[in-house]
Amino acid sequence: MTKYFFTNYKNLLKNSEDWLMNRVLAYAEKLEFTKYTSTLAEAWRLSISGLSDSLISAANHYSNVIPELHPDDKYVDDPISEFGVIEAQKHRQRGITLGMFLGLMKYYKESYFDLIEVSIPDETTKKYYKNFTQRCFDRIEIAYCIKWTSMSGDNLLNELQDSNRKMTNEKNKYLTIFESSYSPIILLDENLMILNLNQAATELFTNLEVAGSIYYNESSSDASFKKLNKQILKFLKSKPNETNFETHLTTNKGDLLFEVKLKRMQDVSKKFCGTVIMLDDITERRNAEEELNKQYSMLNTLLKNLQIGVYMIEAPSGKPLLANEASFNLLGRGILPEAHSSTITKVYDLYKTGTNIPYPNEDLPLVVAMNGISKHVDDIDVLKPDGTRTTLEVFGSPIRDQKGKIWASLVSFQDITERKNAEDALKEREKRLHQLNADKDRFISILGHDLKNPFNNILGFSEILNDEISSLNKDEILDMAKNINKSAKVVNNLLEDILMWARTQQGRISFNPHELNLTEICKNVHEVLEASAYAKGIAIYCTNEDPINVFADKDMIKTVVLNLVSNAIKFTNSGGEININAKQTDSDVIISVSDNGIGMEKEVLSKLFDISEVLTTKGTAGETGTGIGLLLCKEFVEKHGGKIWVESEVGKGSQFKFTLPVSVA
């Protein structure tokens, strides 16, 4: 036969271990060998494994030829028979007779023949495999007999006694393990009668207290287990090899709750048929669970009724653990699977209060608390799925176990939107009060200083005229009349500015923006102020020839330009010039009024548009003013959504600029 021929033989044996085990076990059960054999399947599997290894070794040793028998063969030393010699010694020590052992071996061989019969279709190959297997078993059986009969009666007796002592020790070892188990264990026969109880079960269900009392006294008490019989019968009628359930049992310690595990005895020989009952007293555990459930229920009730949000994450994973109903309402979302310590800001749309800047994840109290640091903030906005936005005050705290290890992070938070709005309103009122106080101070200053001087002039000159008019000549009377007229105009202009300012603060000036030609406004201002400029020897230029259209209120813009040009005239020396210019950009129109006058220092520039600062700088010809005109300019420009500013340098002049929206036409 070829090498490949026996390779198939060896593979067949290697891959058929379970089949052979079940086959020989079937023969053993049928012919009642099992009452003297092992009850566990593993023992049968090992015997098959040993036999198959011997046959495979034979195929390798004899180079694929049939190992025929010869009168000079030493079978005990045959490597093929090694397994048989060892097995013969083991079974002889256990008191098994040679005839019984050889009889069972015949059915082992029959099982291998059956395997060949059902697996090999070719008759020639089948016959050769059977012949090879037959000769191998012959050599193994001859080795059995030689080894079995090689010992004297005394040696055989000593061996048997030694084996019995070992078996007794093995039995006692397993019995000790059985009795020492903390869990109660009960063995029932097929009639549901108690075969044995271990010490833990004995103490619970009998009056005996010594370990092994049931085993050695053959006493039993199945009264405590009658209530299990129905469930055991149901189990035995089902297919599973094991099941478990919970039930109360009456014990010497009272009525206790047990987790009951039922398992069929693992006996393939069917000598010991019955059920193993393992009991686990779960009374205290269940009571603790019920108490914990009560506390948990109370905690749930508390969390549910809390008006503040509570949210907890695991440390260090950052996985969400808990969120109460209030947190769902405040965040607009419950626990989301994609939320963890590094994604909370994104998942829940958290922002810095009043901005669209995402709140930094690492600054969240929930995340900071994972590092053992408590934190409080009141500047978190949450954007809910419905589009509403809520401001939250958040308190974050680490949660530690008994050893001080941080295992979670907990935050509580509440809606402070109304409070924030109230605070903002209060700040706005404070700002407004500050503004009103500044207005009051400015008006007091005007009344106490700017109005006082021109009124004194009017009173002084009028008193002179009243008392001395008969002694004055015509030129003197004319000169005084001019001074009175000049002072009256100053007072009139001043009162007009004050009235205009008051009307703007009260919202009584109408705002009617429409398309305007800015060039025409500049020309109109030039015409109005040309005489004043001419009197000081100052030239005014409108540098825009092409029309520039803006979207603005005509009266307000005219007032702005008039004020700026008037100020330019006031602070420009004789021989100077003033330029009015407009430049259109993509977004707006920039209007500038520039002069080459005396200019301003930086400290003055920062105060020009501040109501709280009183500036009464005199012009180059001694002109006076209140500064209200510039405040009006600021009000009117900002009314249009524009801004106003000034650029100036001492001795080089000033340039006032403001922006207006481009015409929508």
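Contact here means heavy atoms within 4.5 Å. This is a predicted model, in which local features need pLDDT of at least 70 and side-chain atom pairs count only at pLDDT 80 or more, while totals for chains, interfaces and linings use all residues. Residues are numbered from 1 along each chain as its sequence is written, and side-chain values use heavy atoms, with hydrogens and water left out.

**Thr345**

- Thr345 sits in helix H13 (residues 344-347). Helices (H or I, at least four residues) and strands (E, at least two) are DSSP runs, numbered from the N terminus.
- Thr345 has 8% relative accessibility and counts as buried. Buried means under 20% relative accessible area, exposed means over 50%, and partly exposed lies in between (1.4 Å probe, protein chains only).
- Setting aside neighbours within four places in sequence, Thr345 is in contact with Leu350, Pro358, Tyr359, Pro360, Asn361 and Leu364.

**Nonpolar cores**

- A nonpolar core is a set of buried Ala, Val, Leu, Ile, Met, Phe, Trp, Tyr and Cys residues joined through side-chain atoms within 4.5 Å.
- The largest nonpolar core has 43 residues. Ile540, Leu564, Val565, Ile569, Leu608, Phe656 and Phe658 have the most contacts inside it.
- Elements that each supply at least two residues of this core include helix H18 (518-535), helix H19 (554-570), helix H21 (628-639) and strand E18 (653-661).
- H19 gives the most to this core, with eight residues.
- Beyond its neighbours within four places in sequence, Ile540 is in contact with His526, Leu529, Ala533, Val565, Ile569, Ile578 and Ile580.
- A second, separate core has 39 residues, among them Ile56, Tyr62, Phe83 and Ile120.

**Helix H11**

- Helix H11 (residues 283-305) has 23 residues. From first C-alpha to last, H11 reaches 33 Å, close to the 33 Å expected at 1.5 Å a residue. The expected span is 1.5 Å times one less than the number of residues.
- Thr283, Arg286 and Leu303 are the buried residues of H11.
- Their cover includes strand E3 (242-251), strand E4 (254-264), strand E5 (274-281), strand E6 (309-314) and strand E7 (320-323).

**Salt bridges**

- The structure holds 24 salt bridges. Each is a side-chain nitrogen of Lys or Arg within 4 Å of a carboxyl oxygen of Asp or Glu.
- Asp114 and Arg23 meet through their side chains in a salt bridge (3.0 Å, N to O). Asp114 lies in helix H5 (residues 98-119) and Arg23 in helix H2 (residues 17-30), so the pair ties together parts 91 residues apart in sequence. Asp114 is buried at 12% relative accessibility, whereas Arg23 is partly exposed at 33%.
- Arg135 and Glu68 form a salt bridge (2.8 Å, N to O). This pair links distant parts of the chain, with Arg135 in helix H6 (residues 123-149) and Glu68 in the loop between helix H3 (41-61) and helix H4 (82-93), 67 residues apart. Arg135 is partly exposed at 25%, and Glu68 is partly exposed at 39%.
- Arg419 forms a salt bridge with Asp378, with the closest N and O atoms 3.9 Å apart. Arg419 is in helix H15 (residues 417-450) and Asp378 in strand E9 (residues 375-383), 41 residues apart. Arg419 is partly exposed at 36%, and Asp378 is partly exposed at 27%.
- A network of salt bridges links Asp378, Glu393, Arg419, Lys420 and Glu423.
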